[in-house]
Amino acid sequence: MKSRILYLSLCSALAACGGADTVDKAPALVIGGEDAGASPASLYQMPTPNELFSLVKEMAGEGHKRMLNPSSNADRYVTLRARAFNFGVYSTDLVYASCFKLNVEVARYYLTTKKLAESLGITGAFTDNDFVRLEGNLTRGDSLEVISNDGYMAAYAKLQEEAMGPTLAIVLAGGWVESMHLVMRQIEAFGKNEALMTRVAEQKVTLEHLLLLMGAYESDPEVAGLYKELVTIRDIYDQVNVKRVAHEGASTSGRMVLGDDIQMDLTAEKYNELVQAVDRLRAAWTAVEDKTNVSAS
Amino acid sequence: MKPMTTSFLSAALVLLSVSIAHAQDDCAEYYKFNCERSTDARFHVNGQSRGASVKVGEETELNIIVYRGQDYRISICHDEKVLGGQLAIRLVEKIRVPRAEGGTVTTTEDVLDENGKPTGTTQEVRTTDRKQVYDEIEKVLWDNTANDMASEIEFSCTATKRIAVEVNAPGPAEEKKKRTEAGMDIGCVGILIEHMPTPDLGF
């Protein structure tokens with residue numbers, strides 16, 4: 001009897017563990033096949049600004065604090081959309097300051113970003129503990145970049161978790177506009193530079209991506225106006241000639257090259273149109289609000 | 001004894017469903033704890049990494065941006081018990097392509113005399129009404145079904161692109177399908193993205 005129980009236990013244990021006779025033959029399945037869903041569940045992630053700034057830094061030397069949105073304005077954004085947009089602006093400024101090692105600004109913009117995050121209900125992304133960590137690392141640029149970027153990513157994740165879709169869309173739009181503003185001002189400070197201009201041209205792709213992400217909230221009253229303004233910037237980009245050519249040769253790293261090379265012919269005229277459109281949009285959305293005239297959302 | 005067994009089973013089921021729901025909520029950070037980092041220390045975790053709950057047989061895509069001048073490593077990990085041994089994975093470029101829309105419109109209009117009055121005869125007038133519209137097209141750049149069902153890929157990026165990482169889970173093999181039939185057909189998938197500036201190798 002005892003041996004029979006032992007045998008049965010052994011059998012069930014083997015079955016549970018997927019014994020030798022239960023070969024895991026998964027059903028064949030390909031993407032886009034007949035058994036696939038008609039429309040896939042789509043998730044969108046925007047790149048964090050540090051990825052762009054680290055590429056720009058290679059070409060454009062030092063950062064300039066005068067380019068940032070003054071931190072003193074933070075208390076003067078009242079409506080939800082202004083707080084959300086400028087949270088995107090300030091968190092991008094924070095990442096820029098840490099990337100370009102503007103250490104005093106890093107501390108200042110950390111606190112500014114934290115304040116706006118709290119006003120949006122994003123608690124936990126920028127904490128007092130992290131600020132202490134940040135202060136302790138003010139002489140270590142790389143650590144600052146990591147802490148700032150962690151805060152940005154935590155805020156992003158929190159907005160996703162809390163299903164704050166329209167707010168997230170506005171935050172990301174603020175981040176995109178500020179990234180464009182900072183790269184364009186970097187070009188002004190550094191002098192016209194073809195490599196930097198190409199980076200501005202390539203932001204067409206991130207704008208298309210952002211608009212697709214925002215598309216889900218296009219009819220939201222808080223998002224609609226901003227969405228339309230970004231579409232007008234995309235219209236300028238649409239007038240830029242784009243040429244796709246097959247990549248020749250291997251990558252310098254020896255890794256495979258994915259897809260075609262893309263050449264974008266951004267003329268001085270189109271570049272100036274872009275600068276003006278971005279400046280106009282940024283000026284309107286970073287303008288401080290008169291508390292007596294604005295009904296808070 | 002019997003009611004006690006029933007209530008025990010009910011409690012177990014409630015606990016089980018709570019833990020499943022919790023597991024689904026937790027999918028967002030699945031990549032952090034389940035996808036293996038590259039052994040190359042130059043790779044940094046990219047902020048676009050993401051976990052998500054995926055249903056067996058339903059395509060899920062993560063749309064990301066890859067920048068020119070960067071090397072990327074994308075690795076995918078998943079809950080094999082629910083989603084099956086291997087996932088079908090594709091990297092697809094999304095491209096916005098212009099197209100002229102519209103065409104020639106023919107209308108019938110009165111022929112007017114020199115005073116601008118109708119003469120009683122009509123003529124056909126053709127007008128061209130063209131505008132530019134944009135289509136979103138997809139170009140498959142990599143498909144793991146043609147690459148030994150690999151769950152990771154490393155590549156260099158020579159142009160900034162919009163990429164969708166598409167995954168589809170076949171589900172467990174026949175012998176394990178009971179679990180799926182019981183409603184457990186949603187599992188976690190993690191997509192870990194790492195990047196570094198494309199290094200110059202050689203002399």
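Guide: The expected span of a helix is 1.5 Å times one less than its number of residues. Helices (H or I, at least four residues) and strands (E, at least two) are DSSP runs, numbered from the N terminus.

Visitor: Fine. What sort of model is this?

Guide: It is a predicted model, in which local features need pLDDT of at least 70 and side-chain atom pairs count only at pLDDT 80 or more, while totals for chains, interfaces and linings use all residues. Residues are numbered from 1 along each chain as its sequence is written, and chains are lettered from A and ligands numbered from 1 in the order in which they are written.

Visitor: Start with helix α4 of chain A. How many residues, and what span?

Guide: Helix α4 of chain A covers residues 103-119, which is 17 residues. From first C-alpha to last it reaches 25 Å, close to the 24 Å expected.

Visitor: Which residues in α4(A) are buried?

Guide: Buried means 20 or more other C-beta atoms within 10 Å of the residue's own, exposed means 12 or fewer, and partly exposed is in between, with C-beta atoms placed from the backbone. The buried residues of α4(A) include A:E105, A:R108 and A:K114, along with A:V106, A:Y109 and A:L116.

Visitor: And what comes just after α4(A)?

Guide: A:G121, with a positive phi of about 85°.

Visitor: What about A:V132, buried or exposed?

Guide: A:V132 counts as exposed, because it has 10 C-beta neighbours inside 10 Å. The residue is found in helix α5 of chain A, residues 128-136.

Visitor: Let's do the core. How many residues has the largest one?

Guide: The largest nonpolar core has 109 residues. Such a core is a set of buried Ala, Val, Leu, Ile, Met, Phe, Trp, Tyr and Cys residues joined through C-beta atoms within 7 Å. Those with the most contacts inside it are A:L172, A:A173, A:L210, B:V165 and B:I191.

Visitor: Which element gives the largest share of this core?

Guide: Helix α7 of chain A, residues 165-190, with 13 residues.

Visitor: Where does A:A173 lie?

Guide: In helix α7 of chain A. A:A173 is buried, since 28 other C-beta atoms are within 10 Å.

Visitor: What is A:A173 in contact with?

Guide: Contact is C-beta to C-beta, placed from the backbone, within 7 Å. Leaving aside neighbours within four places in sequence, A:A173 is in contact with A:F85, A:G88, A:L210, A:M214, A:L226 and A:L230. A:A283, by comparison, lies 110 residues away in sequence and 14 Å away in space, C-alpha to C-alpha.

Visitor: Over to chain B. How many helices and strands?

Guide: Four helices and nine strands. In sequence order the pattern is α-α-β-β-β-β-α-β-β-β-β-α-β. Chain B has 203 residues, of which 35% count as buried. Among contacts in chain B with a separation of 6 or more, 83% join residues 24 or more positions apart.

Visitor: What is the order of the five strands in the open sheet?

Guide: The order is β1(A)-β3(B)-β8(B)-β5(B)-β6(B), with mixed pairing. Two strands pair if DSSP finds at least two bridges between them.

Visitor: Which strands stand at the edges?

Guide: β1 (41-44) of chain A and β6 (118-143) of chain B. Each has a single partner strand, so one side of each is left without a neighbour in the sheet.

Visitor: How do β1(A) and β3 of chain B run?

Guide: They run parallel, joined by four bridges, and β3(B) spans residues 60-66. A:S42 stands opposite B:E61 there.

Visitor: And β5(B) with β8(B)? How many bridges?

Guide: Six, and the strands run antiparallel. B:R90 has B:E166 in β8(B) as its bridge partner.

Visitor: In what sense do β5(B) and β6(B) pair?

Guide: Antiparallel, over 22 bridges. B:G103 is opposite B:D129 in β6(B). Their hairpin has five residues between the strands, and in it B:G116 takes a positive phi near 85°.

Visitor: Last topic, the contact of chain A and chain B. How many residues from each?

Guide: Chain B gives 49 residues and chain A gives 43. On the chain B side, the elements giving two or more residues are β2 (50-55), β3, β5 (88-112), β6, β7 (152-157) and β8 (161-168). β3(B) gives the most to that side, with six residues.

Key
Contact = placed C-beta atoms within 7 Å.
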